[in-house]
Amino acid sequence: MRRKIFDTLWKWKKTENGRVALLIEGARRVGKSYIVEAFAREAYRSYIMIDLSYMPKTLQAVFDDYLNDIPMFLSLLQNVTGTQLYERESLIVFDEVQAYPKARQAIKHLVADGRYDYIETGSLVGIMENTQGILLPSEERTVKMYPMDFEEFLWAMGDEMTMPFARMCFEGNKPMGPMHRKTMELFRQYLIVGGMPQAVERYVETRLFKEADMAKRNILDLYNRSVGQYARGYAEKVKSVFDNIPSELQRHEKRFRLSSISPGARYRSYESSFLWLKDAMITNMCYGVTEPTVGMKLASDQSTFKCYMADTGLLVSHAFDEKTIQGEELYQKIMLDKLEINSGMIVENIVAQMFVASGHRLYFYSNNSRTNADDRMEIDFLVEKPQLTNAHNICPVEVKSGKNYTTVSLNKFCKKFERQLFTPYIIHSQDLKIDNGIVFLPIYMTSLL
């Protein structure tokens with residue numbers, strides 16, 4: 001499983017030279033341990049990888065009794081694991097660091113020792129229970145790891161030519177031509193399978209969607225158990241939010257309605273539940289803004305939001321029961337673009353996923369004015385252009401799942417906020433074209449924005 005974060009690890013090793021530890025944060029089963037161990041084998045003379053969530057008693061004693069004595073700790077670590085470390089040529093990995101927060105706190109002194117490099121991996125590392133009572137090290141750089149993107153999915157499928165060609169067409173504002181249909185077929189496979197490595201691996205091996213679905217359901221079960229284990233005091237609320245995500249995204253207006261969970265529910269009662277799922281990197285939150293301006297975080301309304309699944313493949317398995325999916329008829333309808341339900345749920349979720357993996361924060365604009373029809377509009381996403389100027393900084397993005405659609409909201413939005421906007425985009429299932437100043441972009445090019 002080739003991953004782009006591998007290049008990030010190499011850059012960290014070469015530029016930092018042991019001055020800073022690297023913390024790789026991601027959802028459970030996103031492939032953190034796999035990629036770090038692959039990197040350790042390739043980049044170092046030797047390495048020690050310790051799963052802090054499951055340590056033998058002898059190793060547990062080393063951590064409990066000697067973590068405050070760095071020279072003795074490092075000496076015992078080599079003897080207990082049977083691995084010799086070499087100065088500036090070895091790596092120590094603290095896997096699942098959230099399970100033993102004191103190891104994370106010790107990073108400051110381990111880095112100061114200077115003999116070895118350190119990588120931490122973790123899920124739920126931002127959850128309060130996993131940081132309470134420890135001093136977080138300043139000698140730690142955090143990198144977030146997301147599910148496999150479309151190009152990584154293609155690499156797993158043995159395809160290294162499609163995305164470079166798509167990138168060339170995107171940069172030249174040219175259509176894909178005869179390659180568009182093939183690329184859309186590949187993208188729909190990615191839409192169904194998603195980017196969790198275990199699901200991708202099963203699909204690559206068998207080419208059966210139901211095999212990938214079994215791997216995804218195991219991951220969903222793991223997430224449910226994690227909620228019960230870590231969301232202490234409000235696990236039921238977290239599960240209620242999680243279970244309602246597909247039905248909320250199925251609605252035409254995809255803003256999350258707390259009333260769907262419980263009549264009279266208030267955001268302040270459920271805020272911790274949404275934040276828990278976000279910190280666990282199970283969901284991606286998209287917040288409403290009052291206007292498209294630089295620094296949209298300042299103009300955002302934290303109580304008006306859309307809640308997407310971090311992996312669209314997991315959303316598909318989460319939304320449909322196992323019996324419905326096992327026949328593969330559902331998958332064939334998605335592949336043929338003939339799904340009767342609001343397929344915008346799946347399409348908009350994958351766009352959000354691709355934006356987040358590309359480093360964008362998620363924002364949308366909505367105005368439900370009852371007095372002025374010209375003000376009544378909703379824009380799915382607002383994206384800042386790479387280099388900010390005094391004006392024309394925000395790209396409005398509309399996502400269209402069907403072949404027949406209108407651009408009424410986008411036209412009104414562009415007219416109302418003309419001075420603040422850069423290039424407007426329609427993301428759809430058809431080939432690239434430019435019409436009346438709007439770039440119509442095939443969905444598989446989303447990550448290139």
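What percentage of the 449 residues of the protein count as buried? The value is 54%. Keep in mind during this tour that the model is predicted.

**Whole chain**

Start with everything selected and a cartoon view. The protein has 18 helices and 14 strands. Its radius of gyration is 23 Å, close to the 22 Å that the globule rule gives for 449 residues, so the protein is as compact as a globular protein of that length. Turn the view along the principal axes: the C-alpha atoms fill a box of roughly 70 × 55 × 50 Å. Among contacts in the protein with a separation of 6 or more, 70% are between residues 24 or more positions apart.

Then colour by charge. There are 57 positive and 56 negative charges in the protein, and their mean positions lie 3 Å apart.

**The cores**

Hide the surface and select F274, W276, F381 and M445. These are the residues with the most contacts inside the largest nonpolar core, which has 125 residues. For the second core, select F63, L85, F94 and Y116. They belong to a separate set of 27 residues. In soluble globular proteins, nonpolar side chains tend to be buried together.

**T183 in helix α9**

Go to residues 179-193, helix α9, and pick out T183. Is T183 buried or exposed? Its relative accessibility is 0%, so T183 counts as buried. Show the side chains of F150, T162, M176 and Y444: T183 touches these residues, leaving aside any up to four places away in sequence. Then draw a distance from T183 to M163. The two are 20 residues apart along the chain, and their C-alpha atoms are separated by 8.8 Å.

Step back to the loop between α8 (162-171) and α9, where N173 lies. Check the backbone here: phi of N173 is near 55 degrees, a positive value in a residue other than glycine. N173 has a relative accessible area of 44%, so this residue is partly exposed.

**S300 in strand β7**

Move to residues 300-309, strand β7, and select S300. At 16% relative accessibility, S300 falls under the 20% limit and therefore counts as buried. Which residues does S300 touch, not counting those up to four places away in sequence? They are Y287, G288, V289 and Y363.

**H392, between two strands**

For the last stop, find strands β10 (381-384) and β11 (394-399), and select H392 in the loop between them. What is the phi of H392? The angle is about 55 degrees, a positive phi although H392 is not a glycine. With 33% relative accessibility, H392 counts as partly exposed.

Conventions. Residues are numbered from 1 along each chain as its sequence is written. This is a predicted model: local features need pLDDT of at least 70, side-chain atom pairs count only at pLDDT 80 or more; totals for chains, interfaces and linings use all residues. Side-chain values use heavy atoms; hydrogens and water are left out. Helices (H or I, at least four residues) and strands (E, at least two) are DSSP runs, numbered from the N terminus. The radius of gyration is taken over C-alpha atoms; the globule rule is 2.2 Å times the number of residues to the power 0.38. Buried means under 20% relative accessible area, exposed over 50%, partly exposed in between (1.4 Å probe, protein chains only). Contact means heavy atoms within 4.5 Å. Lys and Arg count as positive and Asp and Glu as negative; His and the chain ends are not counted. The place of a charge is taken as NZ of Lys, CZ of Arg, CG of Asp or CD of Glu. A nonpolar core is a set of buried Ala, Val, Leu, Ile, Met, Phe, Trp, Tyr and Cys residues joined through side-chain atoms within 4.5 Å.
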